[in-house]
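Good morning, and thank you for joining.

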Amino acid sequence: MNILIKNCNLISMAENREKYEPNIDIYIKDKKITKIGKNINPENDTKIINAENKVCLPGFINTHAHLSMSIFRETLDGYTLQEWLTDKIWPMEDKLTREDIYYASLLSCIEMISTGTTCANDQYFMAEDTIKAANKFGIRLQVTRTVNDVGGLGEQRIQELEELIKQYNNLYENITLNIGIHGLYTTGLDTVKKLIDMAKKYNLPIHMHFCENTKETQDIKSAYNVESPVQVLQEYFTETHNILAHAVKLSDEEIDQLSKLDVSIAHCPVSNLRLGCGVAKIQKMLDKGINVTLGTDGQGSGSSLDMFDTMKFAGLLQKGIFENSKNMNSYEILKMATINGAKALRLDKKIGTIEEGKDADIIILDLETETCKPTGNIYSDIVYNAKGNNVLTTIINGKVVMENREIQGINKQEIYEKCSKIIERIQK
Ligand SMILES: [Zn+2]
């Protein structure tokens with residue numbers, strides 16, 4: 001079915017249309033945005049969405065998430081990152097079944113759709129079942145099987161990742177793959193080299209946790225016998241497109257070195273704060289021209305997948321730590337949540353902006369609410385005052401997956417109950 005969005009206020013995020021445009025129609029045909037303009041006449045069999053006084057924005061792109069970790073929400077208090085992983089999360093993960101992964105991922109899909117995220121970069125295991133959950137709605141996913149050497153299982157995990165790539169690369173239009181390296185502190189050089197070769201063989205990005213906290217940074221230095229973790233990237237990651245989650249513990253010099261590599265940063269401010277990791281120097285990265293994107297991490301450390309929270313924290317932190325209110329203007333933050341994310345996932349030809357010829361991943365916001373009026377600056381209103389529940393309608397790949405906050409074809413209560421039972425069972 002074709003869709004005509006009538007009379008919206010458009011924030012396209014495209015390079016040639018940076019201005020906010022009132023009273024615009026968007027025509028969607030065969031999943032693609034075919035026309036943007038005024039008073040577009042629909043063909044037969046067109047669904048009309050009246051968006052008068054509403055704002056259309058590209059769907060958010062969450063560049064670092066673990067969708068199956070929805071069940072670990074609020075398991076963190078009282079732990080450091082390393083304690084939380086080794087004492088709590090990893091033993092529970094050993095008990096997860098494929099069905100658990102499916103339901104936990106479904107819960108995350110519901111959360112994303114209802115808060116305006118149309119694409120996520122997921123790193124976990126049993127990815128087949130996360131793909132199955134994403135496909136229930138048509139959510140766009142870049143997915144991997146995370147590899148590390150914990151338990152001496154690196155080789156087995158590499159094989160599982162290659163199987164996943166062989167099975168799913170180019171199988172579904174909404175699913176793309178990348179090479180998941182858990183981190184240099186959990187993955188030895190032999191395994192890392194094999195994964196880099198795999199990234200080159202299949203021409204896929206690498207997605208890796210990197211320098212999340214001080215202990216990790218020290219562990220990398222001693223494991224790889226280097227002065228700086230960036231040296232490992234300079235030595236081995238020069239011919240790959242790399243998505244690095246966190247990058248909190250970097251000096252100005254290391255940021256400068258990173259800027260010379262093909263690197264995008266997935267900045268996850270909420271998770272970094274919650275885990276007491278510190279604050280990444282994002283402003284310095286922007287000054288050096290690094291592509292910075294936004295992620296939530298899993299709900300275990302990030303609490304939610306709501307990109308509005310992430311945008312707000314991202315803006316506030318860089319103003320605060322550098323004592324400069326001019327840092328990170330709101331339009332820049334919206335770019336991080338949309339087109340910069342698309343560039344990181346190498347999907348910027350398809351998504352990340354509302355432009356003719358692109359796939360229709362669009363969210364419609366209702367900002368006529370008590371937290372958003374009056375609107376002094378529309379971009380700042382979205383970044384600082386809107387919440388996930390200001391998203392009225394979510395369209396992914398030309399399909400309306402939520403309309404007027406109603407997600408079709410799903411019994412939310414049933415999924416909440418399933419997920420509560422999973423965490424009860426695996427906590428024992
Ligand atoms: Zn993570």
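Into which domains is the protein chain divided? Before I answer, please note that this is a predicted model. Domain 1 consists of two stretches, 2-58 and 353-407, and domain 2 covers 60-344. Taken over C-alpha atoms, the centres of domain 1 and domain 2 are separated by 28 Å.

Let us turn to the contact between the domains. Domain 1 contributes 23 residues to this contact, and domain 2 contributes 25 residues. On the side of domain 1 that touches domain 2, the elements giving two or more residues are helix α15 (378-385) and two further elements, β16 (391-396) and β17 (399-403). Of these, α15 provides the largest share, with five residues. By class, this side of domain 1 has 13 nonpolar residues, six polar residues and four charged residues.

My second topic is a pair of helices. Two packed helices are described by the angle and the distance between their axes. Helix α2 spans residues 98-114 and helix α16 spans residues 412-427. Their axes come within 9 Å and cross at roughly 130°. Because of that angle, α2 is oblique to α16. The crossing of α2 and α16 is left-handed.

Which residues of α2 and α16 meet? From α2 come D100, Y103, A104, L106, L107 and I110. From α16, their partners are K412, I415, K418, C419 and I422. Sorted by class, the contact of α2 with α16 has eight nonpolar and three charged residues, and no polar ones.

Methods: Residues are numbered from 1 along each chain as its sequence is written. This is a predicted model: local features need pLDDT of at least 70, side-chain atom pairs count only at pLDDT 80 or more; totals for chains, interfaces and linings use all residues. Axes are lines fitted to C-alpha atoms, for helices over the stretch in contact, and angles run from 0 to 180 degrees between N-to-C directions. Helices (H or I, at least four residues) and strands (E, at least two) are DSSP runs, numbered from the N terminus. Angles under 35 degrees count as roughly parallel, over 145 as roughly antiparallel, 65 to 115 as roughly perpendicular and the rest as oblique. A crossing is left-handed if the near helix is turned anticlockwise from the far one by less than a right angle, and right-handed if clockwise. Two residues are in contact if their C-beta atoms, placed from the backbone, lie within 7 Å. Ala, Val, Leu, Ile, Met, Phe, Trp, Tyr, Cys and Pro count as nonpolar, Asp, Glu, Lys and Arg as charged, and the others, Gly among them, as polar. Domain bounds come from an automatic or database domain assignment.
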